[in-house]
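Me: I've got the sequence and the structure open, and I'd like to go through how to read them. Could you take me feature by feature, with the general idea before the case at hand?

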Amino acid sequence: MTLPDVAEVRAGARLFQRFVASDALRSRARTLFDRGFQTRGDVELNLGRAIGELDPAN
Amino acid sequence: MELSLPTIPTRTEGHVLYATFSAPPLNLIGPEVVRDLVQLITAVDGDDEVRVVVFDSADPDFLFPHVDLTKVAEYTAEAGKGAGPDDASLGMLFRRVSELSAITVVKVTGRVRGAGSEFALACDLRYASRRRRSGTAGSTAPCPTPSWTPSSTAWRPASRRSPQGRCWPPRSASTP
């Protein structure tokens, strides 16, 4: 039995909600959306590369 | 079992329910997919005749690439309908998948990332194509979370029956 503890799942959900509201994510996501994020194309087909090309200071 | 789910067409053969994710253009995890997944889980949970659920994707390039970042509030609200208002999250919804009495199988082709990866890990068995691309996007920005996956448990095998998180080639998935 390897299911995570419920408290751990809830904590992860809270962290995610904080993260999606953070300036860090919003800034990076905005750049990705400008490049085609969430549309069928190169960014989604090669998302790891697209994220790697983001300015790390952004 | 008769289900009418716009983004998850289903068919039943004997005690096996086949469920195909079909939410063009990318199979993003958005409110419609979550709504239908909640209905499917609820239906399976109350039907002893369904002993196996086999998930796959209508799109060979994408099983679940990630959540729809433009509709986080909307899909979270839908998830809450399945897990309860105090547990409105994909993590808790996927936990219900893990707790189903029916055996859950997912045939993974194409991209499965972030919450999509968590869904696959919540299933009991995962059959992965060589075309599978899985992952989670880590953040290099100084922020309090290590990644943008909804749960820090993303890479912990969540299945009761496959604690090693093993993957088998998809050919062997034809006779679950």
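**Reading the model**

Reply: Let's start with a helix: the buried residues of H1(B) pack against strand E2 (16–21), strand E3 (52–57), helix H2 (72–83) and H3 of chain B. Helices (H or I, at least four residues) and strands (E, at least two) are DSSP runs, numbered from the N terminus. A residue is buried if 20 or more other C-beta atoms lie within 10 Å of its own, exposed if 12 or fewer, and partly exposed in between, with C-beta atoms placed from the backbone. Packing here rests on contacts, meaning C-beta atoms, placed from the backbone, within 7 Å.

Me: Before going on, what sort of model is this, and how are things numbered?

Reply: It's a predicted model, where local features need pLDDT of at least 70 and side-chain atom pairs count only at pLDDT 80 or more, while totals for chains, interfaces and linings use all residues. Residues are numbered from 1 along each chain as its sequence is written, and chains are lettered from A and ligands numbered from 1 in the order in which they are written.

Me: What is the mean pLDDT of each chain?

Reply: pLDDT is the predictor's confidence in each residue, from 0 to 100. Chain A has a mean of 88, with 95% of its residues at 70 or more. For chain B the mean is 81, and 76% of its residues reach 70 or more. Watch residues 139–170 of chain B, where the pLDDT is below 50, although this stretch has 88 contacts in the model beyond near neighbours in sequence. Residues 172–176 of chain B are also below 50, with eight such contacts. For the complex, the predictor gives an ipTM of 0.90 and a pTM of 0.82.

Me: Back to H1(B), then. Which of its residues are buried?

Reply: The general idea is that an α-helix has 3.6 residues a turn, so residues three or four places apart point the same way. In H1(B), the buried ones are Val33(B), Val34(B), Arg35(B), Asp36(B), Leu37(B), Leu40(B), Ile41(B) and Val44(B). The helix covers residues 31–45 of chain B, 15 in number, and reaches 21 Å from first C-alpha to last, close to the expected 21 Å. That expected span is 1.5 Å times one less than the number of residues.

Me: E3(B) was one of its partners. Why is that strand described as largely enclosed?

Reply: Because five of the six residues of E3(B) are buried, the strand is largely enclosed by the rest of the structure. As for pairing, two strands pair if DSSP finds at least two bridges between them. E2(B) and E3(B) have six, in the parallel sense, and Tyr18(B) has Val54(B) in E3(B) as its bridge partner. Val16(B), also in strand E2 of chain B, counts as partly exposed because it has 17 C-beta neighbours inside 10 Å.

Me: Where should I look for an open sheet?

Reply: Also in chain B: three strands in the order E4-E6-E8, with parallel pairing. E4 (62–64) and E8 (133–135) of chain B are the edge strands, each pairing on one side only. The twist averages 15 degrees from one strand to the next. Helix H4 (residues 115–122) of chain B packs on the sheet, touching E4, E6 and E8 of chain B, with its direction at about 90 degrees to that of E6(B). Phe64(B) stands opposite Val112(B) in E6(B).

Me: And how do I describe two helices that meet across the chains?

Reply: Two packed helices are described by the angle between their axes and the distance between the axes. Axes are lines fitted to C-alpha atoms, for helices over the stretch in contact, and angles run from 0 to 180 degrees between N-to-C directions. Here H1 (residues 6–20) of chain A and H3 (residues 90–99) of chain B have axes that come within 8 Å and cross at roughly 145 degrees. Val9(A), Gly12(A) and Ala13(A) meet Gly91(B), Met92(B) and Arg95(B).

Notes
Two residues are in contact if their C-beta atoms, placed from the backbone, lie within 7 Å.
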